[in-house]
Amino acid sequence: QKPPFVPSATPPTWLGVMGGGQLGRMFVHAAQAMGFKVAVLEPARDCPAGQAADYLLSASYTDPVALNQLAGLCAAVTTEFENVPAQSLAQLAAHSFVAPAAANVSIAQDRVAEKRFFTECAATSHVLPAPHKVIENEADIDAIPDDLFPGILKTARLGYDGKGQVRVRSRDEARKAFQDMRSVVCVLEKMLPLAYEVSVLAARGADGESAVYPIAENVHRDGILFSTTVPGPNVSAECARRAQHAALAIIGKMEYVGVLCIEFFVLQDGSLVVNEMAPRPHNSGHYTIDACITSQFAQQARAMAKLPLGDVRQHSPAVMLNILGDIWFENGSPGSDMPREPAWDKVLALPGANLHLYGKDDPRRGRKMGHVTFVAPTLTEAQENFACACRILG
Ligand code: ADP
Ligand code: MG
């Protein structure tokens, strides 16, 4: 049945978030700055978003009592954690406005559904996913067309930051990798000749209005986002226009409400391929906090509260550097596994530095601990300060 009409929620009402990570924390900060109160549902007791929230519900994502409590307290609920069970979002939706909706989140949770959906959108988005084949069993591996090798075998569900994927040169390697993944449903994707990678953040309000942020150019290291530069030094106006058009077509087709990030590959021949989407604010959109009129987190609060979308224009060129737990070790004495706090005083002495740490007290390799965004009147100046920070942090 249709949920009852929900009017827009204005501060100081409560907004809710499923998930207590850094995306939730930055959402809490943005929503609180507007005067909302924010409740977080997250199993862990000490978590980045919980430290900032007005109320932390420590419970499993499927706990029916906690879900009812969250929906009862909050006018609207969103998610910061991509793998929150779609079923839980559906349950919340019986009592509260949920954005993005369970149906949208479940497409993004499954590479098979996601690629099928992108293909369905192609008539209006004018972009396709990488050539691929769904692998459910050994027979599917035998049937992979030869021209998909070399390829990447990716688990359909639960992959992130390059986890859950293996590069395979041949059918035999694909077979072995599939067995190593315990034969869970996978997608084998052709390895493409990437020139560079970009992402586009789009937002859509409950009234159907949508907006798209400037395109971001991303550099990954070991499958994890390393830096985001906006405007991207490689991005042509034509590429930006095509990616933004595609993002708007995709968000519109889903009748999505909230912030959505879509990752694209730009190939060496200049063509654009749609890779994946995240049904939430995204690491590559952190630059919006310091460089755009409305941050991706404030935008999410506006969209879920059914308020007008904010201005997506960028006011300063920006370079964002992700801060991983590794630098707590590599800058310490060689060979030591005692973590040492990085030189934040030196980083903050650089012009245009905006430091964001997520309140995680145990640095680990590959763990996202924070980010720093450099803004400046010119991109060159932002890039120079970014380069200095890379040297300081090692
Ligand atoms: P994750 O969910 O881990 O972000 P992605 O599908 O985005 O998974 O893959 C992570 C990174 O691996 C991409 O950002 C890109 O650098 C590389 N990659 C993924 N698929 C391909 C491909 N088909 N061809 C070339 N590189 C790829
Ligand atoms: Mg990715």
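S183 sits in the loop that runs between α8 (171-180) and β9 (186-190), where helices (H or I, at least four residues) and strands (E, at least two) are DSSP runs numbered from the N terminus. Although S183 is not a glycine, its phi is positive, at about 55°. This is a predicted model, in which local features need pLDDT of at least 70 and side-chain atom pairs count only at pLDDT 80 or more, while totals for chains, interfaces and linings use all residues. Residues are numbered from 1 along each chain as its sequence is written, and chains are lettered from A and ligands numbered from 1 in the order in which they are written.

**Backbone features in loops**
- S183 is exposed, with 12 other C-beta atoms within 10 Å; a residue is exposed at 12 or fewer such atoms, buried at 20 or more and partly exposed in between, with C-beta atoms placed from the backbone.
- K306, in the loop between α11 (296-304) and β16, also has a positive phi, of about 60°, without being a glycine, and K306 is partly exposed, with 19 other C-beta atoms within 10 Å.
- The peptide bond from F149 to P150 is cis, with omega near -10°, and P150 belongs to the loop between α7 (138-142) and β7 (151-155).
- A cis peptide bond also joins V230 and P231, with omega about 0°, and P231 falls in the loop between β13 (224-230) and α9 (237-253).

**Surroundings of ligand 1**
- Ligand 1 is surrounded by 16 residues, of which the closest are A130, G162, E189, L192 and H220; a residue counts as near if its C-beta atom, placed from the backbone, lies within 6 Å.
- Two or more residues of this shell come from each of β10 (194-204) and β15 (272-278).
- At least three residues are drawn from each of domain 2 (131-190) and domain 3 (194-393), with bounds that come from an automatic or database domain assignment.

**Strands and sheets**
- In strand β18 (residues 368-375), 7 of the 8 residues are buried, so this strand is largely enclosed by the rest of the structure.
- β18 pairs in the antiparallel sense with β16 (residues 318-324) over 7 bridges, pairing being assigned if DSSP finds at least two bridges between two strands, and A318 stands opposite V375 in β18.
- β18 also pairs in the antiparallel sense with β17 (residues 353-357) over 5 bridges, and the bridge partner of L355 is V372 in β18.
- A separate topic is the open sheet of 5 strands with parallel pairing, in the order β3-β2-β1-β4-β5.
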